[in-house]
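Here are a few notes to go through with the model open beside you. Take the points in order.

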Amino acid sequence: TLSTWDLGRYAPFSLRINNEIKLHKKNVERLKKIIKGLESIENPNKNLLLLINTIKYIKCMFITTINAYEFYIERKKLMIAPTKRELGKVTQRIRKIANREIENARESIEYAEKDSSIGYEPSMGYVASPKRIEWKIKQVNYMLNAELTKYEQNLD
């Protein structure tokens with residue numbers, strides 16, 4: 001299979017997305033190993049603890065990207081599902097992805113609370129403050145409880 005780099009940055013998104021998901025999943029696994037290694041260091045100092053916290057937050061960012069890509073794919077399938085049965089399968093997968101992202105977002109709040117520099121983007125300010133993350137969770141819950149439920153109600 002071709003990597004994102006082989007396809008080039010201007011390759012159509014549809015050709016890149018699955019490879020990018022695979023790459024991000026590999027990165028999450030690498031970060032988990034790094035975190036485990038760093039956490040095994042005896043008597044960590046404040047700087048090491050901040051580094052571990054930052055890496056945990058970055059891991060959450062990769063997971064958010066994976067979830068967003070998988071959500072995007074399923075939303076496209078939702079638009080073209082040929083049968084009610086297939087539509088039901090798609091909505092179930094969307095629910096699963098959304099719930100994974102809510103769990104991931106809740107985890108990331110802990111890291112943002114420990115280090116106020118996390119989530120700061122100079123041109124936009126605090127884009128990932130605990131308040132903004134909670135807002136995102138509310139939006140995902142709304143999508144699950146209002147929008148997606150309407151699709152599911154039409155399956156009966």
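1. Start with Phe71, which sits in helix H3 (helices are DSSP runs of H or I, at least four residues, numbered from the N terminus). This is a predicted model, where local features need pLDDT of at least 70 and side-chain atom pairs pLDDT 80 or more, while totals for chains, interfaces and linings use all residues. Residues are numbered from 1 along each chain as its sequence is written, and side-chain values use heavy atoms, leaving out hydrogens and water.

2. Setting aside residues up to four places away in sequence, Phe71 touches Ile94, Ile97 and Met143 (contact means heavy atoms within 4.5 Å).

3. Now look at Met143, where H5 bends by about 30 degrees (the angle between axes fitted to the seven residues ending there and the seven starting there). Met143 is also one of the buried residues of H5, and the cover over those residues includes helices H3 and H4.

4. H3 and H4 have another link: Arg93 in helix H4 and Glu74 in helix H3 form a salt bridge at 2.9 Å, N to O (a side-chain nitrogen of Lys or Arg within 4 Å of a carboxyl oxygen of Asp or Glu). Glu74 is buried, at 8% relative accessible area, whereas Arg93 is partly exposed at 30%. Arg93 also pairs with Glu86, at 3.6 Å.

Conventions
Helices (H or I, at least four residues) and strands (E, at least two) are DSSP runs, numbered from the N terminus. Buried means under 20% relative accessible area, exposed over 50%, partly exposed in between (1.4 Å probe, protein chains only).
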